Amino acid sequence: MSKIARRIGSITLATTLTITAFAAIAVTGLSQSSAETASAASLGAPPPGPGTEPLHGQFVVAVVLGQSGSDTADVFAPYDVLASSPGFFVYTIAASAAPAVVDGGLSVVPAHTFAEVAEGTAPTPDLVVVPAVNSPAGPEEAPAREFIATQYNAGARILGICAGSRLLAASGVLDRLRATSHWSRIAALRTSNPEVSWVTGQRYVQDGRVTTTGGVTSSIPGSLKVIADMAGDTEANRVGESIGYPGWKLDGPTAMPIKDFRFEDAAFFLNTAFPWGRPRVAVELKDGVDEIDAAALFEVYGYSQGATTSALSAKGFVTTRHGLVVKTSILDGATSTVVAGELGAPGSPQGFDAAFELLSRSSSSSVVQSVSKMIEYPLDQVRQERAPLIAQARTSLLLALGLLLAVGVGMLPTIILGVVRRRMRARA
């Protein structure tokens with residue numbers, strides 16, 4: 001009986017150690033993925049911003065930058081869309097004048113601060129754009145929550161991008177309104193904020209002066225609808241044609257399939273838990289780069305967890321096509337880079353199309369599909385290539401190695417005890 005008990009105890013110990021070791025490997029990988037996504041950019045003083053003032057009749061737009069970190073495309077995409085219309089004067093705003101971190105290893109230098117609007121030294125916004133931030137209910141975002149609520153109560157429109165609805169909900173703006181968010185957030189939001197009527201399966205939802213959008217690139221149709229509401233359908237159609245979002249029509253349906261996590265998303269989770277050995281993609285930004293082109297690579301690779309990205313420029317700062325001042329690491333002449341907005345030959349895909357095409361060269365088709373689902377970008381016009389087998393199998397091999405290592409750790413006490421017993425019997 002004691003022999004059976006020892007055997008059960010050994011198996012239990014081995015199993016517990018195996019699970020613990022494997023969990024430790026996965027947690028270490030997740031921590032590394034998170035650290036790489038939020039890596040710091042270069043030091044140095046930024047160049048002065050455009051320093052312009054809105055013209056008479058222009059709608060003033062303030063794009064909020066979080067202190068806890070913001071999603072890159074949530075900031076860049078609506079900024080690009082709205083600034084593409086001469087009827088809108090768009091600037092970034094934050095709690096402080098310091099560069100605000102966005103995902104992908106770069107930062108944005110805010111044009112104004114919340115205090116400057118309160119003091120009247122910065123233009124008062126007609127529209128406030130709210131991106132996803134990392135800690136929407138945290139103390140570091142208290143100034144943003146106060147600014148958003150104050151501007152809304154003063155009559156401003158609100159455009160909440162993706163999980164920016166979490167910050168809007170925390171500010172109280174969405175109370176008793178219909179709203180949407182990234183599909184992966186809505187279940188939790190229904191629990192944490194039941195006073196909001198959460199809607200699924202819509203690219204954007206409007207309720208009064210508040211428009212909220214679905215995941216990431218749904219900000220583009222949502223921003224175009226706001227242009228239509230404020231500047232008219234003709235202007236929205238003009239800007240929409242220049243942006244070229246796949247399948248977009250101003251009077252087209254806003255409904256889309258309701259999404260959830262499925263088995264085919266396993267490769268995406270494995271990329272996150274096992275980041276070792278993934279490629280590094282250095283993205284060179286140049287003055288005048290289009291904001292959507294600049295954000296696309298960071299967003300696609302960030303969601304795929306299939307590569308580690310870094311932002312580089314010749315001086316450590318660039319000014320985008322519509323005046324965003326972006327802080328990067330300084331370009332090393334020996335570093336091989338991908339130039340945002342200049343992928344491939346003239347006439348080749350740009351923006352998210354180009355980013356997905358590049359991703360397909362180093363990731364499995366299931367990863368590409370998962371990222372498309374996560375950022376809600378249609379792949380209808382994306383030319384996908386087949387990645388090398390070793391690239392597709394990287395995470396599977398790491399998973400197998402992780403399991404073997406975990407099993408080895410789990411079996412170690414049994415092996416040691418076996419050796420000790422054999423030596424004791426030999427001595428006897």
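Start by selecting Glu357, Arg361 and Arg383, which a network of salt bridges links together. A salt bridge here is a side-chain nitrogen of Lys or Arg within 4 Å of a carboxyl oxygen of Asp or Glu. This is a predicted model, where local features need pLDDT of at least 70, side-chain atom pairs count only at pLDDT 80 or more, and totals for chains, interfaces and linings use all residues. Residues are numbered from 1 along each chain as its sequence is written, and side-chain values use heavy atoms, with hydrogens and water left out.

**Stop 1: salt bridges**

Stay on Glu357 and Arg361. Their side chains meet in a salt bridge of 3.0 Å, N to O. Is Glu357 buried or exposed? Glu357 is buried, because its relative accessible area is 5%. Arg361 has 38%, so it is partly exposed. The cut-offs are these: buried means under 20% relative accessible area, exposed means over 50%, and partly exposed lies in between (1.4 Å probe, protein chains only).

Next, select Glu235 and Arg238. They form a salt bridge, with the closest N and O atoms 2.9 Å apart. Both sit in helix α8 (residues 233–243), and they are three residues apart, so about one helical turn separates them. Helices (H or I, at least four residues) and strands (E, at least two) are DSSP runs, numbered from the N terminus. Glu235 counts as buried at 16% relative accessibility. Arg238 counts as partly exposed at 39%.

Now select Arg321 and Asp290. Their closest N and O atoms are 3.0 Å apart, in another salt bridge. This pair links distant parts of the chain, 31 residues apart. Arg321 is in the loop between β14 (317–319) and β15 (325–327), and Asp290 is in the loop between β12 (280–284) and α10 (291–304). Asp290 is buried, at 16% relative accessibility. In total, the count comes to seven salt bridges.

**Stop 2: the sheet**

Switch to a cartoon view. Find the open sheet of seven strands, in the order β5-β2-β1-β6-β7-β11-β10, with mixed pairing. Which strands stand at the edges? They are β5 (112–113) and β10 (204–207). Each has a single partner strand, so one side of each is left without a neighbour in the sheet. Two strands pair if DSSP finds at least two bridges between them.

Zoom in on β6 (residues 127–130) and β7 (residues 157–160). They run parallel, joined by four bridges. Select Val130 and look opposite: Gly160 in β7 is there.

Contact means heavy atoms within 4.5 Å. Axes are lines fitted to C-alpha atoms, for helices over the stretch in contact, and angles run from 0 to 180 degrees between N-to-C directions.

Select helix α2 (residues 72–83) too. It lies across β1 (59–64), β2 (88–94) and β6, running at about 155° to β2.

**Stop 3: rings**

Select Tyr245, Phe352, Phe356 and Tyr377. Ring pairs link them into a cluster. Rings of Phe, Tyr and Trp (its six-membered ring) pair if their centres lie within 6.5 Å; planes under 30 degrees apart count as stacked, over 60 as edge-to-face and the rest as tilted. The whole structure holds seven aromatic pairs.

**Last stop: a loop**

Select Leu331, in the loop between β16 (329–330) and β17 (338–339). Leu331 is partly exposed, at 27% relative accessibility. Leu312 is 19 residues away from Leu331 in sequence, yet 5.0 Å away in space, C-alpha to C-alpha.
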